[in-house]
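This briefing concerns helix packing and charged side-chain pairs. Please consult the sequence and structure shown below.

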Amino acid sequence: MAGSAPRRRPQERSAHGVDRAPGGRFAVVAARFNEAISKKLADGAASALEAGGVAGERVEVHWVPGSFELPQAAMALARTGRYAGIVGVGVIIRGETPHFGYIAAEAAQGLSWVGLETGVPVGFGVITSLTEAQAWERAGGAVGHRGEEAARAVLEMAAWMQGLRAGRAAKRRR
């Protein structure tokens, strides 16, 4: 149409390549079941947060009995209002019964719900594997490190959320 104003493209927003660490404290909630592997995940998550610019004294690690308990602990932490992000880590290895599926589903859905309900970014660093060897490969072996990956995702989302809040606050001040 002649004379009409050109359409504006929506502003693209991404937290990829976070320039600086978001403010606030971060928590790592770790499941003690399969503790040796979970410890490696928790250590990796804490290290990734620190490598992302979060000072060590702003990172807390909390242990719970198993992956089923991760969502409850994450929700309790998120509701305190003290955390910019929470990383859930654990290991669920398939056994001979359907128990594996129930625990994996509840951990995933529960951690997702915590983030949706509270607005606090929550990372899913729970390994679900068929064997212990596969779990080790996902805890710093050839397949990656799920704890580090989840922590980096939480950092990115926390920065994105803080930017979103800052943008809203700036609009209110105008």
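At what angle do helix α1 and helix α5 pack, and how far apart are their axes? In this predicted model, helix α1 (residues 35-51) packs against helix α5 (residues 146-173) at about 35°, and the two axes lie 7 Å apart.

**Packing of α1 and α5**
- The two helices, α1 and α5, cross in a right-handed sense.
- On the α1 side, the contact involves L41, G44, A45, A48 and L49; on the α5 side, it involves R146, G147, E148, A151, R152 and L155.
- Classified by residue type, the contact of α1 with α5 comprises 6 nonpolar, 2 polar and 3 charged residues.

**Salt bridges within helices**
- In helix α1, K39 and D43 form a salt bridge at 3.0 Å, N to O; the two residues are 4 apart, about one turn of the helix.
- K39 is partly exposed at 41% relative accessible area, and D43 is partly exposed at 38%.
- R152 and E148 form a salt bridge at 4.0 Å, N to O; they are separated by about one helical turn because they lie 4 residues apart in helix α5.
- R152 is partly exposed, with a relative accessible area of 45%, and E148 is also partly exposed, at 29%.

- R25 and E60 form a salt bridge at 2.8 Å, N to O.
- This pair links distant parts of the chain, with R25 in strand β1 (residues 25-31) and E60 in strand β2 (residues 59-64), 35 residues apart.
- R25 is partly exposed at 24% relative accessible area, whereas E60 is buried at 15%.

How values were computed: Residues are numbered from 1 along each chain as its sequence is written. This is a predicted model: local features need pLDDT of at least 70, side-chain atom pairs count only at pLDDT 80 or more; totals for chains, interfaces and linings use all residues. Side-chain values use heavy atoms; hydrogens and water are left out. Axes are lines fitted to C-alpha atoms, for helices over the stretch in contact, and angles run from 0 to 180 degrees between N-to-C directions. A crossing is left-handed if the near helix is turned anticlockwise from the far one by less than a right angle, and right-handed if clockwise. Contact means heavy atoms within 4.5 Å. Ala, Val, Leu, Ile, Met, Phe, Trp, Tyr, Cys and Pro count as nonpolar, Asp, Glu, Lys and Arg as charged, and the others, Gly among them, as polar. A salt bridge is a side-chain nitrogen of Lys or Arg within 4 Å of a carboxyl oxygen of Asp or Glu. Buried means under 20% relative accessible area, exposed over 50%, partly exposed in between (1.4 Å probe, protein chains only).
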